[in-house]
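Please set the sequence and the model side by side before reading on.

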Amino acid sequence: MRDLVWIFLSAAVINNFTLALFLGLCPFMGVSARVGTALRMGGANVFVLVITSLCVWALNTWVLVHAPYLQLIAFIVVIASLVQIVEMAIRKMSPTLFRELGIFLPLITTNCAILGLAIFQTNRGYGFLEGMAFALGAGAGLTLALVLMASLRETVDLADVPAVARGLGLVLIIAGSLSLAFMGFAGLLSG
Amino acid sequence: MRTTTPRQDLLRGIWRENPVLIHLLGLCPALAVTNTVANSLAMGIATFFVLTGSSLLVSSLRRLIPAEVRISAYILIIATFVTVADMALAAIVPDIHKALGAFIALIVVNCMILGRQEAFASKNTVGRALLDAVGTGTGFLIAMLMMGSVREVLGAGTFLGISLFGAGFEPWVVMVLPPGGFFTLGFLLLGLSWFERRRARRQAVPGGAPALRRAA
């Protein structure tokens, strides 16, 4: 149990997917302009991450032991079809949620956080429960980073920024400062 | 479709439409593995190889791939080349392969590569797709080397492992840590935007016509 909590916390804050490992930067830059969209994007990511973790565990246990060189191709095919299936299922079962998520759902396929999770989970040899904790932690970390960034950007929108710094240069520097702040968590569980 | 000359196909990606610095594509590897020049170089070359290979294959198969499943087909082609690059790096430079870790496999989801397949290779002849891929790949390599040089020189005081400043230099350790990646790219973009604005102002003054500022 202690291990699971550690894996969760490590993925969520200490090795935050976005701010420490640079995974999932596209949505981090693209949809972090408003807090509401950032939250929904985070939610969609948590959902896909958890299902991916489940599928990767199944693949690793039953299929890839026989053909390790197919790892990458198997992962990406599974993730792409998974996102497609999830999209169809949500459209059928909850049209409201489908409209809320909009374009973000298909875009998750090319989000490196998802494939990153699959590869890290394999390299570290996580089992089923550990994989779940890892996926939930990674999702929580992504959502946290997205929401923090969105609230900062909403504030910066109202500030008097020099014309040359408007745009993504400033966003990257804010991200750097956030990343610096998150480095402070590094000592969290050693003491 | 815009008509462009082969020369433009090749040159466009290198600087004017640089994938990283102008279009902000492929940011994950550009930030994650640029902490040393050697890593940036290996990553740049691997991405160049994958991009060129996939562009060639996608453009020669463009009449055979049905439109409905084209994205999955592109991803499969890209994943095949990445697997090749992964194994090649592990065989040739095992140390760098270890340092890059999962980021080699993550070339699959580099949006720059998929973007070039969808926007260019799938609609053009093999020759033009090759020129476009070489240009874009070179642009990516240049951006990676810029990031890598700044971060290694400031963060470790070395270039390709060779000490530059002697023992008196106190390295800015933060530059080789994750925040340094964000800061380096942020300041590069700010610098580019400053140059762009200065040029726009200079062009605007003599002719009197408002110069177009390229959208960041």
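Of the 216 residues in chain B, 41% are buried; a residue is called buried if 20 or more other C-beta atoms lie within 10 Å of its own, exposed if 12 or fewer, and partly exposed in between, with C-beta atoms placed from the backbone. The model is predicted: local features need pLDDT of at least 70 and side-chain atom pairs count only at pLDDT 80 or more, while totals for chains, interfaces and linings use all residues. Residues are numbered from 1 along each chain as its sequence is written, and chains are lettered from A and ligands numbered from 1 in the order in which they are written.

Chain B has nine helices and two strands. Helices (H or I, at least four residues) and strands (E, at least two) are DSSP runs, numbered from the N terminus. In sequence order the pattern is α-α-α-α-α-α-α-α-β-β-α. The C-alpha trace of chain B spans about 60 × 60 × 25 Å along its principal axes. Two residues are in contact if their C-beta atoms, placed from the backbone, lie within 7 Å. Among the contacts in chain B with a separation of 6 or more, 72% join residues 24 or more positions apart.

Where do the two chains meet? The contact takes 32 residues from chain A and 33 residues from chain B. On the side of chain B that touches chain A, the elements giving two or more residues are α2 (27-32), α4, α6 (102-105), α7 and α9 (178-207) of chain B. The most comes from α9(B), with 12 residues. By type, this side of chain B divides into 26 nonpolar residues, six polar and one charged; Ala, Val, Leu, Ile, Met, Phe, Trp, Tyr, Cys and Pro count as nonpolar, Asp, Glu, Lys and Arg as charged, and the others, Gly among them, as polar.

The largest nonpolar core has 105 residues, and A:Leu115, B:Ile78, B:Val82 and B:Val108 touch the most other members. Such a core is a set of buried Ala, Val, Leu, Ile, Met, Phe, Trp, Tyr and Cys residues joined through C-beta atoms within 7 Å. Helix α8(A) gives the most to this core, with 11 residues. Leaving out residues up to four places away in sequence, B:Val108 touches A:Leu72, A:Ile76 and A:Leu115 in chain A, and B:Ile75, B:Ile78, B:Ala79 and B:Val82 in chain B.

A:Leu115 is also one of the buried residues of α7(A). Helix α7 (residues 112-123) of chain A has 12 residues and reaches 16 Å from its first C-alpha to its last, close to the 16 Å expected at 1.5 Å a residue; the expected span is 1.5 Å times one less than the number of residues. Because 11 of its 12 residues are buried, α7(A) is largely enclosed by the rest of the structure. The cover over these buried residues includes α3 (35-63), α4 (71-93) and α8 of chain A together with α2 and α6 of chain B. After α7(A) comes A:Gly125, with a positive phi near 65°.

In chain B, helix α7 (residues 111-119) has the buried residues B:Cys111, B:Met112, B:Ile113, B:Arg116 and B:Gln117. They pack against α2 (25-30) of chain A and against α3 (37-60), α4 (70-92) and α8 (126-156) of chain B. B:Gln117 counts as buried because 26 other C-beta atoms lie within 10 Å. Beyond its neighbours within four places in sequence, B:Gln117 is in contact with B:Ser54, B:Ser55, B:Val58, B:Tyr74 and B:Ser122.

Two loop residues remain. A:Phe22, in the loop between α1 (2-14) and α2 of chain A, has a positive phi of about 60° although it is not a glycine. A:Phe22 is buried, because it has 27 C-beta neighbours inside 10 Å. B:Leu160 is not a glycine either, yet has a positive phi of about 55°. B:Leu160 lies in the loop between β1 (158-159) and β2 (162-163) of chain B, and is exposed because it has 11 C-beta neighbours inside 10 Å.
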